[in-house]
Amino acid sequence: MMSITLNESRRYFEKVAPTRTAEAVAPPVCLYLEVTNRCNLLCETCPRTFEALEPPADMSWELFTRIVDQVPNLARAVLHGVGEPMLVRALPRMIRYLKDRNVHVLFNTNGTLLNPRKFPELIATGLDELRVSVDAADAATYKLVRGKDFFHRIVRDVRALTRYQAENGFTKPVVSLWLTGMKETVQQLPDFVRLAADMGVREVHLQRLVFDETGFGMARKESSLFEQNQGEERIAIEAAQALGAELGVTLDASGATEPGLSLKKADEAQPWSGCRRPWSLMYFTAHGRALPCCIAPFSARGYETYTLGDATQQSLREIWNGAAYQDFRENLLGDTPPKPCQGCGLRWSL
């Protein structure tokens, strides 16, 4: 059974077919803005739990607007990185600033700060998507993966949000639940779909586990489905899809394909070869450091080895086709890709 494919406005990368040369011929259409690298959880699948990637910080309003204003044709903005966006006081203002430019805006949250007092303001911003990472269908597994015991609070508050939207006729933001697929959690996928339906959520996404060669916490090769998918995991996915069809819940992947296909390995010789991110998007940390994409912080250690620019010191035009970015693209097109890309398409999502 195939899952329902989301509409084109949500699949921006499927519409982008850039000419892939060392020098990008078109400006980016998407920005990933890490509005904070602070977080109130200690997730076993996140590198920031185990090391300081950069000093704790929220992206300043000045840096945020400086970046956004340099991309006049921006189509999509993702306001998350390795931190929890709802810790940022200026988040509603940032969303409104982008929506005033007709940008599709979304962010991923752990849901711990989503309480009813914030519903009116959040909805009034015009936010398009609210992605809630829960990663478990029960409290015990949630605490194992996410490090703290917030499961019941999140379920309660997300249910309250969808009810508030339904009672007041609000269709945005589209709320979705996300589960990181691991050996330890994939069997819960049918129960996760059932939980989503009970919470009034109509979209569930199976997120790939991203890890580097050394591994950290639960982010390790042994837990990965993408590299070691077996029959039992496929059965769980198919059962969840069937249940979703009954309950009106769409089960999708985190990339441009459906869950079953998303777990299949790409071309073993050059699994990274289909990537289009360095020609379509830019990722900036809370400090303004330009990284290749949202997977990079999770897939390789040492930001300094693959930093492509600094938005506090350079214009986006200078970064986008600067020497570092062009070298990065050229290497990605060859047999020796940059370190963050070496497992892409094989271990995690293109």
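**Sheet pairing and core packing in the predicted model**

In strand 9, Leu-291 is the bridge partner of Tyr-283. The structure is a predicted model, in which local features need pLDDT of at least 70, side-chain atom pairs count only at pLDDT 80 or more, and totals for chains, interfaces and linings use all residues. Residues are numbered from 1 along each chain as its sequence is written, and side-chain values use heavy atoms, with hydrogens and water left out. Helices (H or I, at least four residues) and strands (E, at least two) are DSSP runs, numbered from the N terminus. Two strands are taken to pair if DSSP finds at least two bridges between them.

Strand 8 and strand 9 (residues 289–291) are antiparallel, with 2 bridges. Their hairpin has 4 residues between the strands. Within this hairpin, Gly-288 adopts a positive phi near 95°. On its other pairing, strand 8 runs parallel to strand 1, joined by 4 bridges. Cys-30 is placed opposite Leu-281 of strand 8. Strand 8 is covered on both faces: Leu-281 and Tyr-283 lie on one side, Met-282 and Phe-284 on the other, and all are buried. Buried means under 20% relative accessible area, exposed over 50%, and partly exposed in between (1.4 Å probe, protein chains only).

These strands belong to an open sheet of 10 strands with mixed pairing, in the order 7-6-5-4-3-2-1-8-9-10. Its edges are strand 7 (250–253) and strand 10 (309–310), each of which pairs on one side only.

Strand 3 (residues 104–109) is mostly covered, with 6 of its 6 residues buried. His-104, Leu-106 and Asn-108 point one way, while Val-105, Phe-107 and Thr-109 point the other. In a regular strand the side chains alternate between the two faces of the sheet. Strand 2 (residues 76–78) pairs with strand 3 in the parallel sense over 3 bridges. Val-78 sits opposite Leu-106.

Asn-108 has Arg-131 as its bridge partner in strand 4. Thr-109 stands opposite Val-132.

Helix packing was examined next. The buried residues of helix 3 are Leu-91, Pro-92, Met-94, Ile-95, Tyr-97 and Leu-98. They pack against helix 2, strand 2, strand 3 and helix 4, where contact means heavy atoms within 4.5 Å. Helix 2 (residues 61–68) lies across strand 1 (30–33) and strand 8 (281–284). Helix 2 runs at about 165° to strand 1; axes are lines fitted to C-alpha atoms, for helices over the stretch in contact, and angles run from 0 to 180 degrees between N-to-C directions.

The largest nonpolar core holds 105 residues. Such a core is a set of buried Ala, Val, Leu, Ile, Met, Phe, Trp, Tyr and Cys residues joined through side-chain atoms within 4.5 Å. Phe-64, Leu-79 and Phe-284 touch the most other members. Helix 7 (residues 189–199) supplies the largest share, 7 residues. Not counting residues up to four places away in sequence, the contacts of Phe-284 include Leu-31, Leu-33, Met-59, Ile-67, Ala-311 and Ile-319.
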